[in-house]
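Open the model in your viewer and get ready to select residues by number.

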Amino acid sequence: MRRLLLPILMALAINGAAQTNPKFVYTEASELTLTGKLMDTPNPYHRVDTTRFKGFTKSENNQVRNSAGIAVAFRTNSKSISVLTKYGDVGWPVNTSGFSARGYDLYILDRSLNSSKGQWIWAGAGIPGDLSKPFNIISDMDGSFKECLMYLPILSEEYSIKIGVEEGAVLEPLENPFSHRIGIFGSSFTHGISTSRAGMAYPAIFSRETGLQLLSLGCSGNCKMQDYFADVLAAADVDAYIFDAFSNPSIEQIKERLFPFIEKIQAAHPGKPLIFQRTIYREWRNFNKKIDQEQAAKIEVADSLMKIACKKYKDVYYIYPSASATDHETTQDGTHPSDRGYQLWARSIEKPVKKILRKYGIVAGR
């Protein structure tokens, strides 16, 4: 009897191990659907082709090779999803979660929550303990087909990103869930600094909420309306632009660069809307008088110049975002918003941006 039971028990043990540790089949993410990319690049996870566009500082060159704002959309019935990455430059910031800087953030569409378009529900986030090895971003799902959206790291460069599904499961591209192509250029705020997960950058939140595709070129500390960044933006195939243009530059740079920046982009894209955002209130201002005075002075200059710009140039607009709440508990470090602050920012610009874009026939789903 014991001789008969032993093979049975061994078979059960092997079967249980197989269920616990499924075999994965991997597909390069670029063979699926990439959303949020401003332009085609030789490395599909870069945001700008740095072999074509020149003039960047070393820091800027690294940043435009980060995959910030890019997500991969796919459909699968796998019960588990694994990710295997070959990293280039890897970010280890002190003011941003590792999940956001060098990890991944997964959302799944729940069509039962919104009859017209469904709702993107957070499903998992993670990063491998050993960057050279795969990790499961989610496990133990029910095996039904899921529409997935996985955000890529915001402060790292990748040479390869492979998505693994269980052997025998289906993995296929999902049609881009967002419509139109709206370029957004901005500071660390737009880049997503201080987020806990990559999908909490305000352009990502905005796209999930509105269905409009934002193509992020957030460059932390380096969005100063430089002429060479204007060249990149002018070369992009877009329907509209949004700018977080006044958070990084000095007063002198704003005065010197704003009008030429507008003129270069309008020359390449006449008739397309250019939506500028006032910089947000920074909580450091609450008691630090020097910062308060500096920020107030910069906002005053930007306001006065944008008043002129909106009259001087057709198709130029100025809106007022907010990442603050009455309790003043929406900041991570005094400068950057927390996840809650970025949610408030995305919601604060949703109505004005949609109203402006509607004038140009830019509506989600069309």
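Helices (H or I, at least four residues) and strands (E, at least two) are DSSP runs, numbered from the N terminus. Select Ile 291, which lies in helix H8.

Before going on, note that this is a predicted model: local features need pLDDT of at least 70, side-chain atom pairs count only at pLDDT 80 or more, and totals for chains, interfaces and linings use all residues. Residues are numbered from 1 along each chain as its sequence is written, and side-chain values use heavy atoms, with hydrogens and water left out.

**Stop 1: Ile 291**

Is Ile 291 buried or exposed, or something in between? Its relative accessibility is 23%, so Ile 291 counts as partly exposed. (Buried means under 20% relative accessible area, exposed over 50%, partly exposed in between, with a 1.4 Å probe and protein chains only.) Now show its contacts, meaning heavy atoms within 4.5 Å. Leaving out residues up to four places away in sequence, Ile 291 touches Trp 284 and Arg 285.

**Stop 2: H8 and H7**

Select residues 289-312 for helix H8 and 251-268 for helix H7. They pack at an angle of about 20°, with axes 10 Å apart. (Axes are lines fitted to C-alpha atoms, for helices over the stretch in contact; angles run from 0 to 180 degrees between N-to-C directions.) H7 and H8 are therefore roughly parallel to each other. (That term covers angles under 35 degrees; over 145 is roughly antiparallel, 65 to 115 roughly perpendicular, and the rest oblique.)

Color the contact residues. On H7, they include Ile 254, Leu 258 and Ile 262. On H8, Val 301, Leu 305 and Ala 309 are among them. By class, this contact has 11 nonpolar, no polar and 4 charged residues. (Ala, Val, Leu, Ile, Met, Phe, Trp, Tyr, Cys and Pro count as nonpolar, Asp, Glu, Lys and Arg as charged, and the others, Gly among them, as polar.)

**Stop 3: H6 and H7**

Asp 227 and Leu 233 of H6 take part in the contact, as do Phe 261 and Ile 265 of H7.

**Stop 4: Thr 50**

Jump to Thr 50, in the loop between strand E2 (33-35) and helix H2 (58-63). At 7% relative accessibility, Thr 50 counts as buried. Beyond four places in sequence, Thr 50 touches Phe 56, Asn 61, Val 64 and Arg 65.
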